[in-house]
Amino acid sequence: MPTRTLIKNNTYVDSVSLMSISTKAAALDGVVNAVAAMATPMNKEILTNQGLITAEIEASTPGDLVLIVVTDGDEAGADAALEGLIGLLDRKPTGSDTEVTYRTVRAAAAGRPDANVAVISVNGAFAAGEAHHALDAGLNVMLFSDNVPLADEIALKQKAHEAGLLMMGPDCGTAIINGVSLCFANKVRRGRIGIVAASGTGAQEMSVRIHDFTGGVSQLLGTGGRDLSAEVGAIMMLDGIDALDSDPGTDVIVVVSKPPASEVAEKVLDRLAASAKPSVVCFLGAGPEVAEAAKTRGIAFFDRTKPAALAAVVASGVDESTLDLHALNWPLIEEVRAKLTPEQKYIRALFCGGTLCDESMFLALEKYDDVYSNISKDPAKRLRGTDPSRGHTFLDFGEDEFTNGKPHPMIDPSNRIERFRTEAADPEVGVIVMDIVLGYGSNPDPVGVMLPAITEAKANAAAAGRHLEILAYVLGTESDFQGFDEQVAKLTGAGVTWASSSTNTGLLAREFVYKGENA
Amino acid sequence: MSTIAEIFGRPLSAINVGAAMFAEDIKAQGAAVTHLDWTPPGGGRPDVVAALATLARPDLAERIEAANAVAVERIVTSQPVLVGFGRALDVVPGMTKKTILHAGPPIAFERMAGAMKGAVTGALVFEGLAKDLDEAYELAASGEIDFSPCHEHNAVGSMAGVTSASMFMHIVENRPYGNYAYTNLSEQLAKILRMGANDSTVIDRLNWMRDVFGPILRDAMVSAREIDLRMMLAQALHMGDEAHNRNNAGTTLLIQALAPHILDSGFSTKDKQDVFNFVASSDYFSGPTWMACSKAAMDSAHDIEYSTVVTTMCRNGVDFGIRVSGLGQGTWLTGPAQVVEGPLFPGFTVADRGLDIGDSAITETYGIGGFAMACAPAIVPLVGGTVSEAIEYSRTMADITTTTTNPALTIPILGFRGTATGIDVRKVEETGILPVINTAIAHKEAGIGMIGAGLTHPPIEAFHAATLALAEKYQ
């Protein structure tokens with residue numbers, strides 16, 4: 001086998017580097033064995049055992065460097081291999097990278113003393129542990145993760161309460177702190193309205209409506225969807241209200257939630273009543289008792305998002321007469337009703353945002369009984385995600401049954417395409433409703449993802465001689481990176497009707513399919 | 001006044017744990033954000049996660065913190081002093097003529113790695129208990145020999161760690177706590193007993209070490225009386241050693257301290273010259289010394305109830321064993337010995353490598369070796385990486401140790417921060433960071449010897465076992 005031996009006299013390289021170089025040289029093309037070693041007695045013994053010793057090596061001293069390559073190719077290959085080995089001796093200085101990698105919250109908090117919030121989105125099995133570490137390190141916490149046990153949530157919130165820290169979540173999708181959006185949040189104007197919300201898309205909707213009504217948001221604190229349960233007792237909502245109450249940047253406090261446990265609702269209302277700042281409460285789907293409880297405390301109460309946002313904006317000093325209130329478009333409703341046949345009578349709503357789904361469903365329930373949903377509180381009206389639609393069906397694709405092991409539909413709206421096709425082919429469908437959520441965290445082109453299916457469904461319906469009404473709501477502002485106008489233009493270009501708010505979405509949907517005495 | 005509102009007055013500065021897209025969005029908005037290189041605690045194993053949650057219970061966590069503070073206080077205030085050299089039979093507790101001590105956790109002869117079998121049979125020939133290697137093999141398998149871990153005899157052993165009655169041992173006294181630690185002498189070179197080699201050149205060298213080298217060192221220490229090892233180790237770290245795989249400075253310092261006393265001994269000039277030449281033949285001469293130094297310090301931290309501090313890490317070439325202070329000296333937690341990644345001597349390939357072996361990981365347990373790699377940029381080629389990576393190892397080890405660092409052993413390039421001390425089982429589990437160990441590589445077969453050096457880690461299984469045992473004991 002072609003072998004090359006080179007002795008570099010009086011050339012010292014330390015033995016560890018030489019071992020490294022030999023190992024690298026052995027990986028060169030055609031090299032069977034490579035040696036880079038000082039001519040010490042021990043190395044000479046090794047070379048003797050391997051049959052590589054020569055008289056020249058025998059005569060060398062421990063200050064001489066021996067280079068050998070044994071190759072399995074031709075003579076030219078052996079020369080090249082020796083050159084390669086010599087090349088490995090030239091070690092270039094490597095730049096130093098001063099960016100420190102942290103692996104634990106504790107280490108990062110110690111290394112970054114200015115840090116003041118931890119955003120945690122790891123698997124629910126580990127989320128509470130990380131949140132404890134963050135609180136212990138004095139950090140406020142936004143816990144995006146879901147599937148965190150209730151007992152952990154209570155322990156975390158009690159710890160945060162005692163430490164005077166925010167513990168937003170678990171399952172907190174949205175927050176805006178000091179103008180910085182965390183996780184799923186829209187780019188809205190900064191202003192003087194503070195929001196505490198126990199619902200992610202409810203918070204997004206409220207902030208976007210406030211922005212649309214020319215108001216601005218000072219802080220948006222998410223609490224997680226279970227905060228207003230009897231078990232948690234609104235620990236974080238009460239602390240959040242306290243924080244906004246003492247925040248000089250906040251003039252008006254807005255509270256958003258799905259219906260709270262009634263004793264918890266009273267606590268929240270009492271706390272708001274104790275503040276000198278005007279407050280607006282939006283409890284979606286809340287009954288008359290809660291409305292009454294708010295009224296007796298002199299607190300503006302709403303069960304829909306849009307009027308709540310308007311009240312907040314007006315309370316912050318905006319003149320209502322200057323605003324475009326996006327009144328419900330009755331001529332449009334009449335036009336759609338005229339296109340629908342008598343058997344096209346059902347709403348089929350496919351939502352990414354849970355609170356958006358809730359609001360539309362509550363509005364439908366004001367008018368219809370046969371409303372079914374995978375998030376229905378009434379077991380008789382509850383569907384599984386895989387069940388076929390019944391009557392008016394409202395599906396929240398953000399529920400665990402759809403997201404298990406898959407990205408949230410706000411990140412990947414394609415999750416609902418298959419269901420959309422099924423509904424589009426159903427001759428009893430009067431309107432298909434979908435939300436398109438823009439903002440940080442969301443898909444960069446959520447309409448684009450749905451567009452081929454929409455175009456195809458419209459064509460199929462036309463071929464079957466029926467009108468397919470699709471109503472879409474784009475939740476976002478002109479500042480969101482997806483481009484609000486572009487997203488709306490893509491929809492209208494495909495013949496989709498778009499709604500201007502979550503509230504109007506619910507109202508339009510229920511009116512489109514109304515077959516009463518006026519239809 | 002709500003203290004939460006304080007955040008409204010300061011710029012938002014975030015630590016992101018989980019989805020990187022959230023960190024990117026925060027960064028795009030101009031706010032400061034650090035994205036963690038996060039892994040699930042406990043390797044994501046539900047039983048281990050539950051055990052960690054138990055250990056995190058406030059009442060228990062408080063006891064653990066207090067116990068760990070005691071453990072690490074004992075480690076950093078330990079003052080190991082070399083006080084002599086003597087025959088194992090004379091100095092090591094429990095040693096008999098038919099005892100063979102070995103590295104790592106307990107193991108039967110049949111299960112031993114090739115290098116350890118080679119060393120055992122060589123030692124039996126050396127002791128005159130067998131006339132040749134074949135007879136030695138039969139004797140070893142007969143059940144007549146008492147095999148026992150060095151660690152259970154206040155001792156440590158490099159690589160195979162095979163220690164027999166006539167071998168000369170370092171005697172190290174841990175001054176404040178009164179415990180002693182012992183270890184063998186370095187055989188230097190590569191083709192040696194502890195690496196599994198056992199031919200006549202190996203046995204001849206052992207004979208000379210027994211008859212000349214050991215006795216000269218013994219007599220020198222009678223004259224020198226004591227050498228403060230911790231102080232010398234501190235110096236060696238500042239001179240570019242990490243005291244596991246790089247011992248150039250430590251060996252020079254140690255022989256410098258011994259030299260006048262060696263010269264003062266009653267041996268012939270030829271014998272003294274042989275000793276100096278032998279020491280000069282390998283920088284490893286002081287390697288075992290730092291192992292005994294580390295062992296003396298770590299033994300003082302055993303058996304502190306509730307402590308989650310690791311007091312032992314060692315390997316027998318098959319199993320990697322750890323012991324944890326609160327679980328007691330009698331409890332070994334094990335997992336499979338790992339491959340050592342690093343450069344090999346010319347002529348050897350990765351297929352020749354034996355698995356991780358030796359008690360030398362006591363140095364990392366103490367906070368030197370791989371933990372002090374920032375002291376030794378010259379051994380970076382061993383890492384196969386950059387100087388900044390070597391520094392990063394030392395920095396990272398602080399993530400899995402107690403918050404106390406060793407004030408006596410400092411790292412200049414890290415602003416003279418003390419070495420990371422007191423590996424905390426919980427922190428290893430929480431971070432997924434395993435201790436880094438610098439070590440030698442022995443051939444997998446008996447009779448060959450050292451073939452390289454490199455880096456390795458303990459198996460996470462040993463830490464899982466410890467976590468589960470701690471939660472079980474203290475739940």
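In chain A, six strands form an open sheet in the order 15-16-14-17-18-19, and their pairing is parallel. Strands here are DSSP runs (E) of at least two residues, helices are DSSP runs (H or I) of at least four residues, and both are numbered from the N terminus; two strands pair if DSSP finds at least two bridges between them. Strand 15 (371-373) and strand 19 (497-499) of chain A are the edges of this sheet, and because each has a single partner strand, one side of each is left without a neighbour in the sheet. From one strand to the next, the twist averages 20°, where axes are lines fitted to C-alpha atoms, for helices over the stretch in contact, and angles between N-to-C directions run from 0 to 180 degrees. Strand 15 of chain A runs parallel to strand 16 (residues 392-396) of chain A, with three bridges between them; A:Ser373 has A:Phe394 in strand 16 of chain A as its bridge partner.

The model is predicted: local features need pLDDT of at least 70 and side-chain atom pairs count only at pLDDT 80 or more, whereas totals for chains, interfaces and linings use all residues. Residues are numbered from 1 along each chain as its sequence is written, while chains are lettered from A and ligands numbered from 1 in the order in which they are written.

Strand pairing also links the two chains. Strand 4 (residues 117-120) of chain A pairs with strand 1 of chain B in the parallel sense over four bridges, and A:Ala118 stands opposite B:Ile15 in this strand of chain B. In general, strands of a sheet pair through backbone hydrogen bonds, either parallel or antiparallel.

The contact between the chains takes 60 residues from chain A and 53 residues from chain B, two residues being in contact if their C-beta atoms, placed from the backbone, lie within 7 Å. Among the elements of chain B that give two or more residues to this side are strand 1 (13-17), helix 1 (20-28), helix 2 (46-55) and strand 17 (450-456). The largest share, five residues, comes from strand 1 of chain B. By residue class, the side of chain B that touches chain A divides into 35 nonpolar, 13 polar and five charged residues; Ala, Val, Leu, Ile, Met, Phe, Trp, Tyr, Cys and Pro count as nonpolar, Asp, Glu, Lys and Arg as charged, and the others, Gly among them, as polar.

Chain B itself has 16 helices and 17 strands. Of its 475 residues, 59% are buried, a residue being buried if 20 or more other C-beta atoms lie within 10 Å of its own, exposed if 12 or fewer, and partly exposed in between, with C-beta atoms placed from the backbone. Chain B is divided into domain 1 (4-38), domain 2 (47-68 + 302-474) and domain 3 (80-293), with bounds from an automatic or database domain assignment. The C-alpha centres of domain 1 and domain 2 of chain B lie 32 Å apart.

Chain B also holds an open sheet of four strands, in the order 12-11-10-13 with antiparallel pairing. Its edge strands are strand 12 (333-336) and strand 13 (357-358) of chain B, each pairing on one side only. Strand 10 (residues 310-316) and strand 13 of chain B pair in the antiparallel sense over two bridges, and B:Ile357 in strand 13 is the bridge partner of B:Asn316. In the loop between strand 11 (319-324) and strand 12 of chain B lies B:Gly330, which counts as exposed because it has 9 C-beta neighbours inside 10 Å.
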